[in-house]
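Try each task before you read its solution.

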Amino acid sequence: MFWRNNILAVLLLCCTWCLATSEEFHEALTFRPLQDGRLATRFTFTTLLRGAYPRDPSTLQEEDESQHYAIFPLALGQVLREYAVTELHLTLNAGKWDYDHWGYPDEPGVGTGAELWAWMGESAARSVDERWKGLRNALSGQFCASLGSLDEQRTTSPELTFRPEGSLPQWGTTHQLRHGTLPSEHVCTENLTPFLKLLPCKSLTGIASLLNPHRLFDADWHGLGVHVRYLENEGIEVRLSFQSVFDPVRYSNGRRDWSLRSVFDRVIDRSCPIAHSSEIRVAIPKEETAVAITPDSYTTHAGFVYFNVSNASKPLDISMSWPDEQKFEYGSSQSRGRLSVSITNHMPITIQTSYLESMPWLLQFYLHSLQIYSNGVSRDDLISIVSYIPSVPHVRPTLFQAILTLPPKSTLHLSMDVIKPFLRYTEHPPDAQRGWDLPPAVLVPLLHSNSSTLDPGLSNPPSGFEQLRLPRRMYTPVLLVDLATPDFSMPYNVIIMSCTLIALIFGMVFNLLTRKFTLIRVSPEPK
Amino acid sequence: MKAVLFLFALVCTLWQCVHAQIPSEQEQHVTSFFNSHGGSTSRHTNNWAVLVCSSRYWFNYRHMANALGMYRTVKRLGIPDSNIILMLADDTACNSRNKFPGCVYASAARDLDLYGDNIEVDYRGYEVTVENFIRVLTGRMDPSVPRSKRLLTDDRSNVFVYMTGHGGNEFLKFQDNEEISAFDIADAFEQMWQKKRYNEIFFMIDTCQANTMYSKFYSPNILATGSSELDENSYSHENDRDLGISVIDRFTHHILRFMEGVNKTSQATMQDLFNVYDYEKFMSHAGVRSDLFRRPLDQTYITDFFGGVSQAEVMSPPLSLSPSSNEGSEPENVPESELPVELDQSLDFTSWISSDTNATSGACTKARREHAECQGVGVDWTSSCSCRMGWE
């Protein structure tokens, strides 16, 4: 009773307490109307724990010092401390990101299915592999996903492609990367439920109250991501993101207009009191047609319209419409035994990109058959192989990393022969006739080779490159490969047939050997 | 030498006998607490549920709906997500064939969405295997398996095990790939009994020839029910024209209809539930096996297995919650020091265990909001994936 009557005092206490322990929570929602009438949305929930350090792996033998969090998600923090993880990225995506029509995503991790990668420091007490196993099991329980099956048959260490996005503390030991993908993983409400429980305001107030699973999982593409990184001089940052691509034309009758109510079936009723900043950004489309945005209380900057959710009048429903438009009119291979990738460079300059292919052992490359064609001409000088770790069947996947040079305004076709081995019949999944999903290939554009330093993943490119807006990573679509499936009913048939034969043969032979025909005199019937 | 040993053994046995005959005062206190309100005669203190849908593929939508219907019932009656192990072999709600994304319905009228906004599936997809099911029951798992995937029962837990899928004479198919037999389940239950992992088990199964699955049990305190006899099929209840498949099975549908009339404080008994069985409605002979169950069915409450109701007492003097210097002392010896929080006598404790029928959508979040305002109750938020203390 006492607390209910003094809720304001309690909230004030909470806010000042949060500032004192230096944790910050920011939430943002970005809308970007796409050229084909769809709408790309991105929720970002960032919690920064100032002054914190990742756990030094050399202290894994001792008891950890106690951690006190107010806003930082405790469940995730405990997992990170337990396995001394410096950087962690987990994405759960469904659908295929159409780079041609949708451009580059704001969050680069758009590979279909589950993708988990982590940078961990080496430790003599517990090996990185052991901690990787514990980490993926803990995360599979936390997020209700089958991440526990990312065992050594699916784990690789592609350090060239997945550079750390934060800083790695200097402890005197090297950091190692572990990466695994499950392209056939489904994403549904049970993955969103624990995601929302990591937020300080849960899904009750603020921007997170818009996360309606019935609408989110109806989107043409959706994916949730958990990114943890250590920023030097700042602390540990956890960024929870949810990206999706909606189709307002499908919901309405042929119009591109959208609003929070029409997209999410919800509006924002209360703002999250713990958030330091809570804003919604809408990108103004770069076209000639007029666009109307309501409500009017926004600021404009650099092609974006900003709404401050904390100050806006509630309930807040943002909408964008094209009043002059009547109706909006709308505008991907696998060859047998050969893997092909085609990459198109639309830019007028040469681009170098690192190409990563990590293939499960059930598809083995014939590297000698690798062929590169650029606009129909064979150009072997355009590829330089950095590393190739061949697969070991039933043990280890293939890791193939190369640098490709893409000439300006051209298409590069890369292909090589593959063989599909036989699996043991216990290794087939229960729905074996569906086939196996292959993880996507990852391309990381690097700077032009004229610059003396090839630094992949540079977050601040030198002057002259800002307007190019190179993405950090691009993913190809996942493929489905058919492997030869055995006749699973064969053991049953063999047993039945051989038992029948044995019964018949044994019966016949036994009769032949032991049956004796004797004549019996039947006495005549008495008259 | 031998005489000394014999004498020692004799003294030991006499000592044990003497101590065993006098029940300690603490045991008497505990027993009288559990029998104080003339409530259920069961000796359990916590409830767990293991709900298994073992069929994959879109056309087995009704098996997923069966398991989710039981999940919703069990959550509504008070068992929290941390005490429920839900195993769904395929993804129906977000299946690309599902016309209603994120929703699973158990009736053609589509009046109730079983998936909701707040669901946790512990084992899904390829993880639903016979091996994982038996590991869950027996508790023999790799140390890295997280808490939410473990059945952490003790000898005072009542466990509700529900299985649905395609089955036959003494077997149940898992994902159209492998089978579990009645002997396997019986042995798993016996392991649980030996390790004191349950107080009572209620086993319910909805498949074809389901009654054969419980015919092999031999451990005590198991009550079992199945949907059809040997050589009989269990039938589905109704089809949905928009989804194009059957959405629920007859046995589970009628049980869920009955359970909608049961709430957390209900005094309905298991005999009332079994009186619902009717050949005309099920088109099959549903059976009950109660010879291993020591209590009479008309005194066994439904909430003993389906609900998470626990006994609570309102203490009349206010309770001191300060971290006292001597932690192991009796409550009466703790001095009433100046505290930041004192429990208000007028606080209505029964409102914490309110019968909220919307358990799957927002009750936990509502409770959490209330907790954020009252810091003195000492609820532990550190469990992953859900909150404890019986709210969800």
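**Exercise 1.** Find out how well helix H6 of chain B is covered.

Solution. Start with the extent: H6(B) runs over residues 250–259, a helix being a DSSP run of H or I with at least four residues, numbered from the N terminus. Next, count the buried residues, those under 20% relative accessible area with a 1.4 Å probe and protein chains only. In H6(B), 7 of the 10 residues are buried, so the helix is mostly covered. Phe251(B), Leu256(B) and Met259(B) are among them. In chain B as a whole, 53% of the 392 residues count as buried.

Before going on, a note on the model: it is predicted, local features need pLDDT of at least 70, side-chain atom pairs count only at pLDDT 80 or more, and totals for chains, interfaces and linings use all residues. Residues are numbered from 1 along each chain as written, chains are lettered from A and ligands numbered from 1 in written order, and side-chain values use heavy atoms, without hydrogens and water.

**Exercise 2.** Describe how H4(B) and H5(B) pack.

Solution. First, locate them: H4(B) covers residues 130–138 and H5(B) residues 182–194. Then take the geometry: their axes, lines fitted to C-alpha atoms over the stretch in contact, lie 9 Å apart at an angle of about 25°. That makes the two helices roughly parallel (angles under 35 degrees). Finally, look for contacts, meaning heavy atoms within 4.5 Å: Ile134(B), Leu137(B) and Thr138(B) of H4(B) meet residues of H5(B) including Ala188(B) and Phe189(B).

Terms used. Buried means under 20% relative accessible area, exposed over 50%, partly exposed in between (1.4 Å probe, protein chains only). Axes are lines fitted to C-alpha atoms, for helices over the stretch in contact, and angles run from 0 to 180 degrees between N-to-C directions. Angles under 35 degrees count as roughly parallel, over 145 as roughly antiparallel, 65 to 115 as roughly perpendicular and the rest as oblique.
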